[in-house]
Amino acid sequence: MAIIMADLDDDSERGLNKMQWVFLLLAGFLEVGWTFGLKYSEGFTVLVPSIITVVLLVISFMLFARAMRTIEIGVAYAMFTGIGTVGTVLAGIIILNEPADFWRLFFITLLVGGIVGLKLVSNDKPAPDKAPKAVTNIEQDKVGS
């Protein structure tokens, strides 16, 4: 019975770790949205784009913070900003008709390679417990004995 429970715990932890990567991916995509929002808010002087920007920014950072529960901070931050950078450059090329010359695409390809490489070498840490276990005076007396 204990072996079965251990397997269930491993499966649920793996599922949680996969969700953290989904959260990180979504946070990076939302970064593209709020970056465009910054452009269209014209320094937060246009109301609707400013509101949309702030909402996307808050949701993006909430997802990013959630992802760092199990993903190493350096890897999470590099991937978050990398996804946002690649997405913003590609959206700029597609939507704003920014130049798509060889060197720009070459360096974006290098950035994507770095993001994939970080994902391959990262070690997910176990998810933290929801709430720390309180130690009562009785338990402390037992430990001290």
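Accessible areas come from the Shrake-Rupley method with a 1.4 Å probe, and for residues only the protein chains shown count as cover. This is a predicted model, in which local features need pLDDT of at least 70 and side-chain atom pairs count only at pLDDT 80 or more, while totals for chains, interfaces and linings use all residues. Residues are numbered from 1 along each chain as its sequence is written, and side-chain values use heavy atoms, with hydrogens and water left out.

The pLDDT (the predictor's confidence in each residue, from 0 to 100) averages 83 over the protein chain, and 75% of the residues score at least 70. Over residues 1-11 the pLDDT is below 50, and this stretch has zero contacts in the model beyond near neighbours in sequence. A contact means heavy atoms within 4.5 Å.

The secondary structure consists of five helices and zero strands. Helices (H or I, at least four residues) and strands (E, at least two) are DSSP runs, numbered from the N terminus. Mean confidence is lowest in α5 and highest in α2, as the table shows.

| Helix | Mean pLDDT |
|---|---|
| α5 (residues 137-144) | 54 |
| α2 | 97 |

Buried residues make up 26% of the 145 residues in the chain. Buried means under 20% relative accessible area, exposed over 50%, and partly exposed in between (1.4 Å probe, protein chains only).

Thr53 lies in α2 and is buried, with a relative accessible area of 1%. Leaving aside neighbours within four places in sequence, Thr53 is in contact with Trp34, Gly37, Leu38, Ser41 and Phe44. Val55 is also in helix α2 (residues 47-67), but Val55 is partly exposed, at 44%. Val55 belongs to a nonpolar surface patch with Leu47, Val48, Ile51, Ile52 and Ile59, and together they have about 550 Å² of accessible area.

The largest nonpolar core has 15 residues, and those with the most contacts inside it are Trp21, Leu24, Phe64, Ile71 and Met79. Such a core is a set of buried Ala, Val, Leu, Ile, Met, Phe, Trp, Tyr and Cys residues joined through side-chain atoms within 4.5 Å. α3 gives the most to this core, with five residues. Met79 touches Trp21, Leu24, Ile115 and Lys119, not counting residues up to four places away in sequence.

Technical notes. Patches are made of residues with over 30% relative accessible area and no salt bridge: like charges are joined within 9 Å, nonpolar side chains (Val, Leu, Ile, Met, Phe, Trp, Tyr) within 5 Å. A salt bridge is a side-chain nitrogen of Lys or Arg within 4 Å of a carboxyl oxygen of Asp or Glu.
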